Amino acid sequence: MPATFPDRLRAARDLRKMSQSDLAEKAKLQPSAVSHFETGRRAPSFDNLKALSEALQVTTDYLLGRVEEPGATGAVVDQLFRHAENMSRDDLDTLMGLAEMLAKKSPEKKKD
Amino acid sequence: MTRRDDGFNGELQAHEVLTSLKIAALPVNPFAIAEQRDILHQEKPGLAPGVSGCLMKVGDAFGILYSSCFASEGFKRFNVAHELGHYFTPGHIDALFANGQQFHQSESGFTSDDKYEREADAFAASLLMPKLLFKAESAKCGEGLDAIEALADLCVTSLTATAIRFANLCDDPVAVVCSKGDRVQFAFMSKPLREYRGLTWIRKGSGLPGGTATANFNKDDDNIRKAKRVRSTARLDTWFDGRSDVELNESVIGLGDYGRTLTVLWADSLPDPEEDEQSEEEDDESILPSQRWRQRW
């Protein structure tokens, strides 16, 4: 887990003026989960990450420390190709098609 | 962390997902679970060799691209369930999407040495074949390959994945062996067989024992391609060393396009093992003949 995740989670929770238990309830997590995430004792799953980002109205990329603004998302296409050395052109085209669909699907987050 | 821990984590996460979604009946539909989580899924007939699927994250949206290189519905479902394993299991974020990568390509099918792939395989098997439901149905399905085929129909899972789950959960002495040509691809043994003293565990990459129904079956590619089957018997010591007076059932089936052969070896029970000093020594895990063949969960 990126070292920034616990800090970003705490910062986003402060931004939304939510207690750990408020956030846990809104994200449908165990009451102790948020505390464990913020102290780094427990690593989240993607499912946890998504639930937290929705509850906090920030992006998953912000919680992961990939972008600086709570509502921003990282670049996609360049990274997708850079790490796809082993895939065929046809596979990459299919991945790109799916990536485009996902990019359209990714909800806009409120920017603060 | 051991391979057994990987299996435990996968089993635990799958159980949590099934419980949270109130899924308590077979078959479990991984596509419906993906949709419930708003995860797009898309089939791709010819992904790169060895790649079973991809989990992709773009912004806050997730997608699964899965291989359908084999016609089996069970194969596709397992691939999707494997990707869901990456999605639901804590700790996979950093490992799979390191350095800003937006997708992770998977190698499912019980062959990877990577901890995260093994966890995702364990998750997929546990999601599609939940322990309690699977064991309850196993009790009604008879034994050996017949039971595995009935369970595969019930769970809509591939014969291979079902056979491995069967061996992992079975209370009888059972082994499943996947082979190609004269070589073992992988093998799984049930707990009673693993704990039976004095046996040599089947090694990945080792040669099939000569003269067995499986070795003879694999001499003709048509047997595999046309999914033919044979049923025979074998002595325990032919496959595992140990006692020479114990007979096992040996069912063999060709896996068609998969190009491999599945063998199920089983007995209703085993007699007390022969006592010898070497067996005592082999209780020490550090000198087991093949740690690679320890059960993954």
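At what angle do helix H1 (residues 4–15) of chain A and helix H4 (residues 46–56) of chain A pack, and how far apart are their axes? The angle is about 25°, and the axes lie 10 Å apart. This comes from a predicted model.

## Chain A: an all-helix pattern

Chain A has 7 helices and 0 strands. Its pattern along the sequence reads α-α-α-α-α-α-α. Of its 112 residues, 47% count as buried. The chain exposes about 5,800 Å², and carbon and sulfur atoms supply 49% of that area.

Contacts in chain A also reach along the sequence. Among those between residues at least 6 apart, 50% join residues at least 24 apart.

## The H1–H4 pair in chain A

Two packed helices are described by the angle between their axes and the distance between the axes. For H1(A) and H4(A), the angle is about 25°. H1(A) is therefore roughly parallel to H4(A), because angles under 35 degrees count as such. The crossing of H1(A) past H4(A) is left-handed.

The H1(A) side of the meeting consists of Phe5(A), Leu9(A), Ala12(A) and Arg13(A). On the H4(A) side are Leu49(A), Leu52(A) and Leu56(A). Leu9(A) also has partners beyond H4(A). Leaving aside neighbours within four places in sequence, its contacts include Leu23(A), Val34(A), Phe37(A), Glu38(A) and Leu63(A).

## Nonpolar cores

The largest nonpolar core holds 72 residues. Those touching the most other members are Leu9(A), Leu52(A), Leu63(A), Leu84(B), Leu127(B) and Val176(B). Helix H8 (residues 159–169) of chain B gives the most to this core, with 7 residues.

H8(B) is largely enclosed by the rest of the structure, because 11 of its 11 residues are buried. The buried residues include Thr160(B), Thr162(B), Arg165(B) and Asn168(B). Ala161(B), Ile164(B), Phe166(B) and Leu169(B) are also among them.

Ala175(B) sits in strand E5 (residues 174–180) of chain B. Its relative accessibility is 0%, so Ala175(B) counts as buried. Not counting residues up to four places away in sequence, Ala175(B) touches Phe188(B), Met189(B), Leu193(B), Phe240(B), Thr263(B), Val264(B) and Leu265(B). Arg194(B) is 19 residues from Ala175(B) in sequence, with 9.2 Å between their C-alpha atoms.

Gln13(B) belongs to helix H1 (residues 3–20) of chain B. Its relative accessible area is 12%, under the 20% cut-off, so Gln13(B) is buried. The C-alpha atoms of Gln13(B) and Thr89(B) are 6.2 Å apart, although 76 residues separate the two along the chain. Beyond its neighbours within four places in sequence, Gln13(B) contacts Phe88(B), Thr89(B), Pro90(B) and Phe123(B).

## Backbone exceptions in chain B

Most residues other than glycine have a negative phi, and most peptide bonds are trans. Where does chain B have a cis peptide bond? The bond runs from Leu26(B) to Pro27(B), with omega near -5°. Pro27(B) lies in the loop between H1 and helix H2 (30–36) of chain B. The loop between H1 and H2 of chain B is also the place of Lys22(B). Phi of Lys22(B) is positive, near 55°. Lys22(B) has a relative accessible area of 74%, so Lys22(B) is exposed.

Asp241(B) is not a glycine, yet its phi is positive, about 65°. Asp241(B) is in the loop between helix H12 (236–240) and strand E8 (247–254) of chain B. With 40% relative accessibility, Asp241(B) counts as partly exposed.

How values were computed:
Residues are numbered from 1 along each chain as its sequence is written. Chains are lettered from A and ligands numbered from 1 in the order in which they are written. This is a predicted model: local features need pLDDT of at least 70, side-chain atom pairs count only at pLDDT 80 or more; totals for chains, interfaces and linings use all residues. Side-chain values use heavy atoms; hydrogens and water are left out. Helices (H or I, at least four residues) and strands (E, at least two) are DSSP runs, numbered from the N terminus. Buried means under 20% relative accessible area, exposed over 50%, partly exposed in between (1.4 Å probe, protein chains only). Contact means heavy atoms within 4.5 Å. A nonpolar core is a set of buried Ala, Val, Leu, Ile, Met, Phe, Trp, Tyr and Cys residues joined through side-chain atoms within 4.5 Å. Accessible areas come from the Shrake-Rupley method with a 1.4 Å probe; for residues, only the protein chains shown count as cover. Axes are lines fitted to C-alpha atoms, for helices over the stretch in contact, and angles run from 0 to 180 degrees between N-to-C directions. Angles under 35 degrees count as roughly parallel, over 145 as roughly antiparallel, 65 to 115 as roughly perpendicular and the rest as oblique. A crossing is left-handed if the near helix is turned anticlockwise from the far one by less than a right angle, and right-handed if clockwise.
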